[in-house]
Amino acid sequence: MSRASDVIVIGRGPAGLLVSSLVVEQGGQVDMIADGLGTLPLWGGQFDFRSYDNDRKPVADPWAWWHRFGDTHPGGSVSAQMWRSWWQHLRDLWFTMEIPTEKLLPTKNRGTVTPLGRIKPAFLVPTWQFTQEYAGAITLVGVPDLVDFPVEAMARVYTWTTGMTAEIRWLERSPSWRPGWNGLNWAWYLDTEEGRRWLWEQVKSFRRGSAPLVFPQILGVDHTESLIEVLGELWGRGVAEIPLPPPSVGGLRLQRRWERWLRRKGVRLVQGRVKEIGGDFAALEGRRIHGGHVVLATGGVLGGGLEVLIDGQVRDRLMGLSLGVVKEPEDLASIGYRSWLEPTRVAGSALAGCDPNRHGDGGAMMLLTSHAVFSAVSGQEGRLEHAGRF
Amino acid sequence: MVIVIGGGASGLGLAWDLLLRSIPVMVVEMGDIGSGTSGRFHGLLHSGGRYVVSDVQAARECWEENRILKRVAGAAIKATGGYFLSVDDEGDAYVQDWVKGAEAIGLPVKEVAVGQIRETVENLGPWVRRGFSVPDGVLEGFTLLHLLRLNIENLGGEILTHTTVTDIRHENGRVVGVEVMDKDGPRVIACDAVVNAAGPYAGEVARLFHDGIAMQLSRGTMLIFANRRVPYVINRLAPPGDGDIIVPHGETAILGTTDVLQEDPGSTRATREEAQYLMQLGQRLFADMDRWRVLRAFTGVRPLYQDGQEIRDSRYISRDFTVIDHGQRRGLVGAFSLVGGKWTTYRLMAEHMADAVAAYLKVKRSSRTAEVPLQTAVEMDLRPGPTICECERVSLGQLARWPCASLTEWRTRSWFAMGPCQGTMCGHRGALLAMAVQTPSTALRELSQLRHERERGWWPTTWGDNARQWALGQALRHQTLAEEAWSDE
Amino acid sequence: MRDAFDACLKCTLCVSQCPVMSVNPDFPGPKALGPEWYRQNQAQMTAPLPHVDDCTFCQICESVCPVDVPIAHLIAEQKAEKKHSLRVWLRDEILARPQWVARMAWLGAIPEPMRRLGKISPGVQLPKPRKGQVRTLGEPLGADPRRIGLFVDCYSSGYDQELVMRARELLRIWGFSVTLVPGEAQCCGAAAYAAGNPGLAKSTGHAMFRTLNRKKSDYDVIVTLNATCDGTLRDEWPEFYGLQITVPVIPFDEIANQAPELFWEQLASLPAEPGAWITHTTCRGKVARGDGQLWELAKRAGFWDAEPSDAVCCGAGGSYAFKAEHESTAEQLAFRVREQALSSEAKGIITDSGTCAIHMEQAASIPARHPAYWLYARYLRYLEEGETHETKTS
């Protein structure tokens, strides 16, 4: 490749996608290099701000949490105004990518339901996902043999947790159904004309109810919104979905739309494993890609940016840097880069100090680190009050 | 009636032996079947090759039992065969002693060219020099335990799980019953004799017999790899040492083991250091072992027994077993203990113990366990239904065969949540299924226990891709499913 | 290759991106067919799963796998275990040797009885071999010391000599000296591997390797016109065939980007190519090199209204679409390209594989050709009209 880009982004996960989008929006040319897919399609597609406090109690108002308690946290020095502008930007970006959300940013966390029937806080979610301000009655849609969405048990957990009723409506097996179908198989099917017609007939035959109709996340991959709209008219109440474990259709929708948008903005996606980086290049087996800046968005342990060795040492796979040693599981969250500027620009989960499993702040950390790195590569370091050190 | 304390290999083996002599039996197990040592071993069905130099008696017994078990418990045994491989740093003298020892007990050993072995076992270390084939096999512990259970119950034997013996009732120094505690509270069960087959807990149980026995507990740590990397058992041809056996167990391979004296009869979590140590040893046989996908590490506690001796290194304690009649010592009459031994010889141990108990009860019938094959369950023609565990291909229909089982029992019977993802993708499915018979709070608590049980063995081996598997499991559990989050408030 | 066969995390990223799963409700998917079947088969002989042959061997699963499980190659080993009826076996043996098919190109269409007997998909037509005259593009615009071995894949060799000549002419005016390799219709082994015959793939690949080696003093770089061959020679050979090619292997669109600036300036002086165009990087192109380069090339060449294809795989899969049992899958995958072509009213498709091109051309009813074909046409237009435009702009 002869033509150098402005920024080389290594990694194709949420942080890599966001950094690339920010550069592209400013008219920059991006080369994304990845030897895998990134983790976005593993998740349901909700972006958390702050779901739990340090005692694992749910946070109702994440804005207030960051304002009052965030000083123990890498993102604690970020002003409410800054958070607002980042979330607003993400929401607007999604809008241009045809990822639908509510017009206004949420002022509070809302509650969503997990496939275990449990309630979980949610912040920025696409409109197809079921959320509610207060737990109310729901009607769950059972899908034959879909083991990740066992509605009877979910309904029992839901009622046991919230005291609210959860009714059930069952779909039949569609004529195209095959044993072993997961949620994604259903979604591909419901993207077809035949599938959509069949589902419409099914919902039409449902006994009426007064609560929102809650599906597992199977309502198509590419044509979800129109299907939900049609079903909503038919049911007369809200229709929404609950994300399932992988293969997660919600995250897949985001990934497809996001990457489609980036492709149309001229982002080159280079397939391959980076062996070495310098200030303005990334070297792969047999080729070298040049760019103005290099951003590492290779992920944490799950994404593969960091690797754990047999002796417990945690190392950046590409840079070969040792970042610490794990002894107990809790250590995993606290090991990673301490700065998003050194030794290179780092965005996403390779940075230490954030534990989304415990705190539900994965979305916020992705925003914080991606914007911080973007500021650095676009020469606006001053925008963040401290210089990227945790 | 005889009460057997302990639902492991020796306890269930004994119950089966007694029942075949028409002696009524009840087994009392404090956890689940096989939750102690019997469920925590490498799965090797010894040919005896391992002991031909160090412990000829044990070697002879192993070879004999090896052939008996293939006959009577074929459903739980895979006659894979095995190799003993000598590595550079082992002297020729030992190899010669070993070959002589094998000949002495009539073990069919054949030298095979290393090049030929390499054709079926990839990436054998370059320093492997000689190889000898032996009739080793694989003993699937849980399969055999559940098989014994089935046969015991078919003959009217009763097995109580999650039941603890708290005291022994006796009259005139003679056993007349036991006091037990289960989830419904305490109760007394009358009996004519009681046998302590409590494995590492035998020392504690013996105290209830008013007679202490000095157990020498030894902890062994093993590593499980995700795939069946070897088609047969691989032993290092050397005096028994650490990390010198690899056993192909189902779709996995197990590397064993270490041998460290310990006090606590409970099996504790393996440490990262132990796992690392085993990896170093295993790499003497397979240089690329650090790239094998590891799954977990686990420890078992060997209930070794050597009366009245100060022990420094447990490797030198006999693997032989001992039958103790406490009435002949200073303890209660009608109380017995079965200690020591190893999985391969469980049947022989049970036979000797049952001989003693039968003599006490004045029953003249002798053991039939070497002749009567264990019956396998009649395969019910069930609709398999959707798959619950994809790694181990466990269907809804399979789990539904045991409707009231706990998640743990489902796991050890069906192998659900035991594959490469360690329940990441199926743990919650199992818990939600269990909710058909359990309350939400019980099912969620069992799910949490399942996660902790899996993580215990998983964490010490979180390196490489297994660390990524761990991270995926944690994210799904805490974020996607919110298993342990706020809803209880 | 064997290295990571046991690494699967069960994350299902492969499942989420598998093009066949998205249209074929019967297909068990890469996770079940690859690492899961393989693991079971290691422990006990396991029958191949139904529909294992439905895999197109696009390798998208491997490219998205976070732990480098050679998923498609494990599936290929499973395909090899499958027993077929004699006529299907015979058909597959022939299709696994596309060099034979290419040498028979002069025969024209497949006769109907043979089609039925051999279970050849009724919708698929072999194209008429293209042998159009290629006129010279004039003096070289620069000089590049690298000698290029232009890799003529079996399809181009049999059916599209015109493309080869156009590509050769372009390379020549960019200042390279060009040799055609391997010189006769030969296959790199990709077709056999895809069809589930790794053994044949290796022997075919080794034969090709020997031929290339005989001529290795004639070239410093190999330039490919087909993404599948490109990835096979550079990435698959060392890893799965035990072959190490010592010179760089580069796809045509990347060498095109290194063409002299003058060439691009001259093209830029032409008005934009009217109408919409679709650039489709084939699945194997995505796996081997990535996505977006073709689109960049198209824009640079003046196809300003080009839009990147949203289809992961067109369904051609080498000889995959030829097999009657794959008709529906291949058709539905191509339907995605057709839909996009219709909605954007595209005039043509720019793509990096000859067999994918004919498949898409039949599905979308618009011409689909290799970028070299379009670049040549554009430059010819420059030569014919260029000076007029230059006078106008000056």
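Across the interface of chain B and chain A, the rule picks out 16 residue pairs in polar contact, both residues of each pair being at pLDDT 80 or more. A polar contact here is a pair of N or O atoms within 3.5 Å; within protein, one must be able to donate a hydrogen and the other to accept it, and residues adjacent in sequence count only if both atoms are side-chain atoms. The model is a predicted one, in which local features need pLDDT of at least 70 and side-chain atom pairs count only at pLDDT 80 or more, while totals for chains, interfaces and linings use all residues. As for bookkeeping, residues are numbered from 1 along each chain as its sequence is written, chains are lettered from A and ligands numbered from 1 in the order in which they are written, and side-chain values use heavy atoms, with hydrogens and water left out.

Which parts of chain B touch chain A? At least two residues each come from α7 (272-282), β22 (387-389), α11 (427-434), α12 (440-458) and α13 (464-480) of chain B. These labels follow DSSP runs, numbered from the N terminus: helices are H or I with at least four residues, and strands are E with at least two. The biggest giver on this side of chain B is α13(B), with 12 residues. Sorted by class, the side of chain B that touches chain A holds 22 nonpolar, 13 polar and 10 charged residues. In this sorting, Ala, Val, Leu, Ile, Met, Phe, Trp, Tyr, Cys and Pro are nonpolar, Asp, Glu, Lys and Arg are charged, and the others, Gly among them, are polar.

In terms of contact (heavy atoms within 4.5 Å), 45 residues from chain B and 45 residues from chain A take part. The size of an interface is often given as the accessible area lost when the parts come together. Between chain B and chain A this buried area is about 4100 Å², with carbon and sulfur atoms giving 63% of it; the figure is the accessible area (1.4 Å probe) that two parts lose on being put together, summed over both. Two salt bridges turn up across the interface of chain B and chain A, a salt bridge being a side-chain nitrogen of Lys or Arg within 4 Å of a carboxyl oxygen of Asp or Glu. Asp148(A) and Arg429(B) form a salt bridge through their side chains, at 2.8 Å from N to O.

Chain B also meets chain C. Here 17 residues of chain C are in contact with 23 residues of chain B, and the buried area is about 1800 Å², of which carbon and sulfur atoms give 44%. Asp6(C), Leu9(C) and Arg39(C) supply 38% of the area that chain C buries against chain B, more than any other three residues. Five salt bridges are counted between chain C and chain B. In a salt bridge between Asp6(C) and Arg229(B), the closest N and O atoms are 2.9 Å apart. There are also 14 residue pairs in polar contact between chain C and chain B, both residues at pLDDT 80 or more. The side of chain C that touches chain B comes out as eight nonpolar, two polar and seven charged residues.

Next come the chains themselves. Chain B has 13 helices and 23 strands. Its radius of gyration is 23 Å, close to the 23 Å that the globule rule gives for 489 residues, so chain B is as compact as a globular protein of that length. That radius is taken over C-alpha atoms, and the globule rule is 2.2 Å times the number of residues to the power 0.38. Along the principal axes, the C-alpha atoms of chain B fill a box of roughly 65 × 65 × 45 Å. Of the 489 residues of chain B, 64% are buried, where buried means under 20% relative accessible area, exposed over 50%, and partly exposed in between (1.4 Å probe, protein chains only).

Chain A has 11 helices and 16 strands, and its C-alpha trace spans about 65 × 45 × 45 Å along the principal axes. Of its 390 residues, 62% count as buried. One of the residues of helix α11 (residues 362-377) of chain A is Thr369(A), which is buried at a relative accessible area of 1%.

In chain C, Arg146(C) sits in the loop between α8 (112-117) and β1 (147-151) and is partly exposed, at 25% relative accessibility. The side chains of Arg146(C) and Gln258(C) are joined by a polar contact of 2.9 Å.
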